[in-house]
Amino acid sequence: MIRYNPATSSAPVPKVDMPGTERTLVLIKPDGVQRQLVGRILARYEERGLKVVGLKLVRVDRGLAERHYAAHREKPFFGGLVDFITSAPLVALALDGPNAIAVVRAINGATRPHEAAPGTVRGDFALETAQNIVHASDGPEAAADELALWFSSAELFDYDRDVDRWVLAPNE
Ligand code: CMP
C-alpha cells in the first residue's frame, strides 16, 4: 500500500479526519497550581498527542464547584472538596484526541494516589485523595456536562495541527 508521505510529497496536505475523537475536561486543581506543576502536567497530555482546545486559569466560586461535584453532594467529604477547589486558582483544560477520556484518566492514574501507578500524575506527585492534583471527566456524559459547565463555546478552539499527520492514523 502506498501511503502519503508529507515529508516528501509536494501534494497538498490532506485534511486529517479524527474518527473516534473525544473531548474531555481536565482540572489541574489548586494543589497542582500551588505546587508549580502546571507545565509538567500539561506537557504529559501534549506529549501524548492530545490537542489543547481550551485552557484557562480560574478562581472558581462555590456555585460552580458545587455543580461540578454534584454527584458527590451526599458524601461526607463534599464540603471539604468544595472548600479545597475554591481555595485558590486552578487550570481548566479541554483536550481532544482519540479515546481522550480513557487516555487522560490513564495519564492521571487512580483517584486514590496510593493506588496510582508510578509514571502517572497522581502516582508521581500525590499522596492524599483529597489533594490528588487533577480531575478528569470519567465518561462521555460527564465530559459533555463538565465541558459545558467550565467552557463557553467562545473559549473552545477548533484548529488544525500539522503534527496530526504524524499522530493520528489516516482515514483508510
Ligand atoms: P476528582 O477526580 O476531582 O473527583 C472527586 C474528588 O473527590 C476526587 O478527585 C478526590 O479529590 C475527592 N475525594 C474522593 N474520595 C475522597 C475521600 N474519601 N476523601 C476526600 N476526598 C475525596
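Leu55 has Leu93, in strand 3, as its bridge partner. The model is a predicted one, in which local features need pLDDT of at least 70 and side-chain atom pairs count only at pLDDT 80 or more, while totals for chains, interfaces and linings use all residues. Residues are numbered from 1 along each chain as its sequence is written, and side-chain values use heavy atoms, with hydrogens and water left out.

Strand 2 and strand 3 (residues 90-98) run antiparallel and are joined by seven bridges. Strands (E, at least two residues) and helices (H or I, at least four) are DSSP runs numbered from the N terminus; two strands pair if DSSP finds at least two bridges between them. Four strands, in the order 2-3-1-4, make up an open sheet with antiparallel pairing. Its edges are strand 2 (51-58) and strand 4 (134-136), each of which pairs on one side only.

Helix 2 (residues 38-48) lies across strand 1 (21-28), strand 2, strand 3 and strand 4, and runs at about 10° to strand 3. Helix 7 (residues 140-150) also packs on the sheet, touching strands 1, 2, 3 and 4, and its direction makes about 55° with that of strand 1. Contact here means heavy atoms within 4.5 Å; axes are lines fitted to C-alpha atoms, for helices over the stretch in contact, and angles run from 0 to 180 degrees between N-to-C directions.

The residues surrounding the ligand (a heavy atom within 4 Å) include Lys29, Tyr69, Arg122 and His135. An N or O atom in the side chain of Tyr69 is 2.5 Å from an oxygen atom of the ligand.

Conventions. A polar contact is a pair of N or O atoms within 3.5 Å; within protein, one must be able to donate a hydrogen and the other to accept it, and residues adjacent in sequence count only if both atoms are side-chain atoms.
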